[in-house]
There are 2 protein chains.
Amino acid sequence: MKRTELKELGEFGLIDHLTKAFAHKHASTIKGVGDDAAAIRYASEGPLTLVSSDMLVEGIHFDLAYTPLKHLGYKAAVVNFSDIYAMNARPKQLLVNMALSNRFSVEAMEELYAGIQLACDIYGVDLVGGDTTSSLKGLVLSLTIMGEQAADKVVYRRGAKAGDLLCVTGHLGGAYLGLQLLEREKQIFLEQPDMEPDFDGEEELVGRLLKPEARQDIIAFFEEQKLVPTAMIDISDGLSSEALHLCKQSGLGLLLEEVHVPIKEKVYRKALDFNLDPLVCAMHGGEDYELLFCIDPKDADKIKYNMDISIIGEMVPAADGIRLQTKGGKLMDLVAQGWTHH
Amino acid sequence: MKRTELKELGEFGLIDHLTKAFAHKHASTIKGVGDDAAAIRYASEGPLTLVSSDMLVEGIHFDLAYTPLKHLGYKAAVVNFSDIYAMNARPKQLLVNMALSNRFSVEAMEELYAGIQLACDIYGVDLVGGDTTSSLKGLVLSLTIMGEQAADKVVYRRGAKAGDLLCVTGHLGGAYLGLQLLEREKQIFLEQPDMEPDFDGEEELVGRLLKPEARQDIIAFFEEQKLVPTAMIDISDGLSSEALHLCKQSGLGLLLEEVHVPIKEKVYRKALDFNLDPLVCAMHGGEDYELLFCIDPKDADKIKYNMDISIIGEMVPAADGIRLQTKGGKLMDLVAQGWTHH
């Protein structure tokens, strides 16, 4: 019998492959697999329900050697909420499933839940359910978040038009450098357990990885400005990979300009310290949980004075390709450097 | 620092402990933690949204030595749907999260998804999303199911009154004996790999474990009869444990009559073959996914001619205790023999 390895398809290829044969039976299913969240319309009047689910596995997504359980709980929740903001909606109800081995104590789980509760309080979300079970080894979390938004305000990945401006919030690459710092200190600790970790002046970068925030402020800003992006996605796997998703689902190309990609000076310098290319950190680092979205150029004035939003490119016809224009004026094809199965 | 072991609290104790400090902020959250599903009202008019999430861990919930992946997918989905039927509602949209090691091939995942798809087709459910990721070891599934029902037809665990009749669908103990048969054949296989497994005449019991069905037919029957149970739960952990949940949440006692507990002759005989007490298999076996519900005695006529529903007891005031009356006329306290952390 034929055996195809998972890595031959990769994460997105595998999901596409496994779900392509599933047809929708219900008129209530507005959008299924293939966006940050599914969209469902139960009542003929009233808002859409958005729902999204994430799985986090110890040793793959987090390392408890340098991730306090309270931070893990906070991050797991916030990252899940981010998928609902990426639909231009607000998260409302959370379910937390958890498989854990007897290595964990009740007190450890209290820490994890304290982080989840803090995130729920800050983002205005209710914990409404979940399942707790044993695992043979390690900790696995699976979170499901539900939210709501009026149908005409829900933003999908697929709605961009040629000529739309591509925008990103905040700055990129910080979480990836936070990870490099933590991995470095872990190595030092493993080799010299007596040495105290030294994050002096690096708290911000470490915080970008360990305690990210979701951009609820941007959703509020859109509402205030009566601005509805034409397409949106959150940056979990890196700018490059997410930009490719927007292009693919909208059937478009892109001209991205390196000079406009927002990289903080601190991130830039730290990348060079690690002998890393700052642009590569920003394009492929991932875990920044900023929002990447397209707007109609006629709405450009609405974002002009928001210093936390950068216009980084323009959507173009698919035939023009998906390109990065470097500071030196060269054009390069954008490539994904996303997640692959181990 | 104090260390409390997970097993000191058990599954339900742990969830209660971790979630007790969470308050609901949204009027849309009608029912949170503590029922088969959470209930949410997004539109002021229109149905409630029910949502429930389950986690299944290889080596804890399933053994791939005797569980074909297609069956696993089917069962994982059906068991999840059962939580929505237990609210007297219909499942509509499913999300499937999966963590898997590189031991699994694409073809193996196709089998798993073929089972999920079959369940979706039979029960009329749309697959709308999910997350696929790596694990260091084994397979972990986390499924979330959403459904809907008019608010005045949603049935919780908490609604029973003293004098209500306790009813159960189908028959009990079969899945547990299916498990005994499979475990026996696994032992034989491990000791004598050349020996073919022998399930002659046992297909029904093995099927109860490997390919359970959820009672959508009973929900349709309730609708047809215009019958709304006063409280309901599905039997995943065994009759005894589930009856205790109904009593606790409704603030009642129970008089359960052994003579009325539905045990098929085949189950009865097979239990004796294994030197097991058939009643213990029915009370504590679990995984039967039948529905346990209470009805007002004035509705008794509506179920009288349904041969698939047995009246097995009566809800009584809490002060009268939660008791089993044996065939011999003795009264025994009902005890849970549920899940505990390994």
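This is a predicted model: local features need pLDDT of at least 70, side-chain atom pairs count only at pLDDT 80 or more; totals for chains, interfaces and linings use all residues.
Let me begin with one pair of residues, K75(A) and E287(A), which form a salt bridge whose closest N and O atoms are 2.8 Å apart, where a salt bridge is a side-chain nitrogen of Lys or Arg within 4 Å of a carboxyl oxygen of Asp or Glu. Residues are numbered from 1 along each chain as its sequence is written, chains are lettered from A in the order in which they are written, and side-chain values use heavy atoms, with hydrogens and water left out.

Chain A is divided into domain 1, residues 30-153, and domain 2, residues 165-333, with bounds that come from an automatic or database domain assignment. Between these two domains of chain A, 26 residues of domain 1 are in contact with 24 residues of domain 2, contact meaning heavy atoms within 4.5 Å. Together the two domains bury about 2200 Å², 53% of it on carbon and sulfur atoms, and buried area here is the accessible area, taken with a 1.4 Å probe, that two parts lose on being put together, summed over both. On the domain 1 side, Y66(A), K75(A) and Y85(A) lose the most area to domain 2 of chain A, together 29% of what that side buries. Across this interface of domain 1 and domain 2 of chain A, the rule finds 3 salt bridges.

Now to the two chains, where the contact takes 85 residues from chain A and 85 residues from chain B. The area buried between chain A and chain B is about 7100 Å², of which carbon and sulfur atoms give 61%, and in chain A the residues F22(A), Y42(A) and M55(A) lose the most area to chain B, together 11% of what that side buries. There are 3 salt bridges between chain A and chain B, and D121(B) and K25(A) meet in a salt bridge at 3.5 Å, N to O.

What joins the side chains of S28(A) and Q93(B)? It is a polar contact of 3.0 Å, that is, a pair of N or O atoms within 3.5 Å, where within protein one must be able to donate a hydrogen and the other to accept it, and residues adjacent in sequence count only if both atoms are side-chain atoms. S28(A) is buried, with a relative accessible area of 9%, buried meaning under 20% with a 1.4 Å probe, protein chains only.

Notes:
Buried means under 20% relative accessible area, exposed over 50%, partly exposed in between (1.4 Å probe, protein chains only).
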